[in-house]
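The following paragraphs lead through a protein model, from a single residue to the elements around it. Please keep the sequence and the coordinates in view while reading.

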Amino acid sequence: MTPLSRFIYKVRILLAGFALLAVGVSSAQTPAPGRKTSTPYTGDLSVFDSPGRDRRLQVDRVMDILGIAPGKTVADIGAGSGWFTVLAARRVGNTGLVYAVDINPEAVHYIENRAHKENLANIKAVLSQPDDPLLPPTAVDAVLLLKTYHEVARPVILLTHLRASLRPGARVGIIDRNGNGENHGVAEDVVRREAQQAGYKVSERYDFVKADNMDYFLVLVPEP
């Protein structure tokens with residue numbers, strides 16, 4: 001083999017090594033396929049304000065369980081029309097605060113207008129990212145994801161980001177229905193597994209939120 005041939009051979013080996021390295025880095029950076037999710041709702045927001053919804057979901061009992069009381073700070077993730085946001089804002093009063101979090105700019109605008117019309121200065125609408133609620137650190141006492149979790153494509157990442165915003169003793173409520181992810185529901189055991197992966201444990205479980213044996217209400221707390 002001539003000196004020129006040896007040089008060409010070494011260059012080819014080096015280039016092949018770089019190519020393999022590039023493939024490995026690309027594979028490491030590509031996220032694994034997530035579980036099935038439902039398409040986030042973008043229709044008429046007023047549908048969430050159906051008469052009697054607070055009674056059917058026993059929302060006062062939900063707020064009691066989550067410790068939502070005067071002076072507390074609450075995050076409503078996937079706030080939609082602001083239906084729960086408004087109820088929580090009235091519960092926490094002027095000394096409390098409710099973050100109305102949504103990835104839909106129209107929903108955020110809708111909630112801002114609603115808060116102004118209803119004279120609720122303790123509501124702060126937040127345009128979030130799909131896997132990050134963009135809440136301040138150590139700021140929140142209670143969180144509710146009401147019929148929202150099945151729309152979250154990367155829930156473990158979302159819950160991990162949320163942890164940084166929780167105060168000591170904070171509680172995270174998830175109300176959803178059993179489903180396959182694509183039918184506006186997600187299996188309870190899936191939520192439990194993902195919560196554990198994000199560093200939470202299920203402290204309480206309820207099924208009073210709807211009398212169809214399909215809905216569930218889980219209360220999460222961060223693991224120490």
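Is Glu188 buried or exposed? In this predicted model, the relative accessible area of Glu188 is 12%. Because buried means under 20% relative accessible area, Glu188 counts as buried. The residue lies in helix H7. Apart from neighbours within four places in sequence, Glu188 is in contact with Asn178, Arg205, Tyr216 and Leu218.

Seven strands form an open sheet in the order S3-S2-S1-S4-S5-S7-S6, and their pairing is mixed. At the edges are strand S3 (123-127) and strand S6 (200-206), each of which pairs on one side only. From one strand to the next, the twist averages 20 degrees.

Within this sheet, strand S5 (residues 166-177) and strand S7 (residues 215-222) run antiparallel and are joined by six bridges. Gly173, for instance, has Val219 in S7 as its bridge partner. In general, strands of a sheet pair through backbone hydrogen bonds, either parallel or antiparallel.

Helix H4 (residues 83-92) lies across strand S1 (73-77), strand S2 (97-102), S3 and strand S4 (140-146), and runs at about 170 degrees to S2.

Helix H6 (residues 155-163) has Pro155, Leu158, Leu159 and Leu162 as its buried residues. Viewed down the axis of H6, these residues fall within an arc of 95 degrees, so they line one face of the helix. An α-helix has 3.6 residues a turn, so residues three or four places apart point the same way. The cover over the buried residues of H6 includes S1, S4, S5, helix H7 (188-197) and S6. H7 is also the helix in which Glu188 lies.

How values were computed. Residues are numbered from 1 along each chain as its sequence is written. This is a predicted model: local features need pLDDT of at least 70, side-chain atom pairs count only at pLDDT 80 or more; totals for chains, interfaces and linings use all residues. Side-chain values use heavy atoms; hydrogens and water are left out. Two strands pair if DSSP finds at least two bridges between them. Helices (H or I, at least four residues) and strands (E, at least two) are DSSP runs, numbered from the N terminus. Axes are lines fitted to C-alpha atoms, for helices over the stretch in contact, and angles run from 0 to 180 degrees between N-to-C directions. Contact means heavy atoms within 4.5 Å. Buried means under 20% relative accessible area, exposed over 50%, partly exposed in between (1.4 Å probe, protein chains only). The arc is that of the directions from the helix axis to the C-beta atoms.
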